[in-house]
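Open the model in your viewer. This tour tells you what to select next.

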Amino acid sequence: MNIHEYQAKELFRRYGIPVPAGRMVEHVDAAAEVIGELGLPLVVKAQIHAGGRGKGGGVRLARSAAEASQHVRDILGMTLVTAQTGPGGRVVRKILLEEGVAVARELYLSLAVDRKNAAVAVIVSESGGMNIEELAAARPDAVVRLLVNPLLGLKNHHLLQALAALDLEAAAAREFGGLLRACYRLFVEQDCSLVEINPLVVTGDGGLLALDAKIAFDDNGLFRHPELAGLRDEGEESPLEVEAAKFGLNYISLDGTIGNMVNGAGLAMATMDIIQQAGAAPANFLDVGGGASATMVENGLRIILSDPRVEGILINIFGGILRCDVLAEGVVEAARKVGLPVPVVVRMEGTNVEAGRKILADSGLDLVAAVDLADAAAKVAAIAAAGKEGS
Ligand code: GDP
Ligand code: MN
């Protein structure tokens, strides 16, 4: 789960990580009061779950109250397109008004899960800021990656290595130890998958300040933190994913045109591969789970069909716990309720497969039966090819 910068900064405050004074507002009217409180200069920052806002015009400095109000009016409601939003951009519904800070240096600090090494990676660079991705690509040595064994925790040698990379003056160096420890404590205690400060700045008077803040939580750890649920902003999440989560479906929307519904994550991955191999692209990942009911199948199909990009659907089910006749009933029921505006290829195998095939055949619905995976792939490819001709 991702959260907004202003929420991440509130957590930073609780952990003693220094951040600029600021307040989030959702309306132009509320902004005027906050502008008065904060003083000048101030920074107007779009709050969306994507980075690269600075380059996209979503972070603006104001030297007067009038200028600040103008920025608020410009940014609230704008569709902000950044390198991370995709071409469609994101509508800005919240902004963070923050005191402007005199910046002497911009550093980079992040903590992330390093799965390969089963470690917490602490990543630092003395050249933080808006070009960190380009820097990491062009000069990988300018970005230092330290591995912390989570069973042993953060040690002084990590701190010394980080300090060696950052080249800080004495005052900032002293502060950095406490700051890194606080970040590590936050990362572990809140089950984060990412804590990123870019830029971490050395201010005009030599102190350290987290000018930006990004936190992502590991969804598998969220049950341990019920208080974090209130930080979720569903407006920033894919509406179909939010809907699917309500029904306990593992759904992730992708960019392709072939919807697919599968039981079991492994089979779902294999099915997406088959769709790719056949020259088409999957519109989603959807695992209805081993013990799916007819209702879940129906909800799954409805969610796939609400994606306007979907030109065809492949249902690939191995009937183990979920029997093929139950699946078939679910598909028929769903198709009757929501209608089938696109071709649907069904491949199923397993328990009660004959009964399942009969239900599909007798339904009178326009379902394409596939005998095996290769056959299913070929039929899906034909649908995708027809889609390309049509568009
Ligand atoms: P991002 O582009 O989405 O990562 O948004 P950031 O919060 O990192 O802001 C973009 C850039 O704006 C930062 O890298 C800073 O260079 C600049 N910036 C943000 N706040 C201030 C501020 O208070 N003072 C100064 N001088 N620059 C700021
Ligand atoms: Mn940033």
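Which strands and which helix do the buried residues of H5 pack against? Strands E7 (103–114), E8 (119–125) and E9 (143–148), and helix H6 (170–189). Contact means heavy atoms within 4.5 Å.

The model is predicted: local features need pLDDT of at least 70, side-chain atom pairs count only at pLDDT 80 or more, and totals for chains, interfaces and linings use all residues. Side-chain values use heavy atoms, without hydrogens and water, residues are numbered from 1 along each chain as its sequence is written, and chains are lettered from A and ligands numbered from 1 in the order written.

**Helix H5.** Select residues 156–166. Helices are DSSP runs (H or I, at least four residues), as are strands (E, at least two), numbered from the N terminus. His-158, Leu-159, Ala-162, Leu-163, Ala-165 and Leu-166 are buried. Asn-156, Leu-160 and Ala-164 are exposed on the other side. Buried means under 20% relative accessible area, exposed over 50%, partly exposed in between (1.4 Å probe, protein chains only).

**Manganese.** Now select ligand 2. Asn-198 (O) and Asp-212 (OD) coordinate this manganese ion at 2.1 Å. Donors are N, O and S atoms within 2.8 Å of the metal (3.2 Å for Na, K and Ca); water is not among the atoms, so sites may look incomplete. Asn-198 is buried at 14% relative accessible area, and Asp-212 is buried at 18%.
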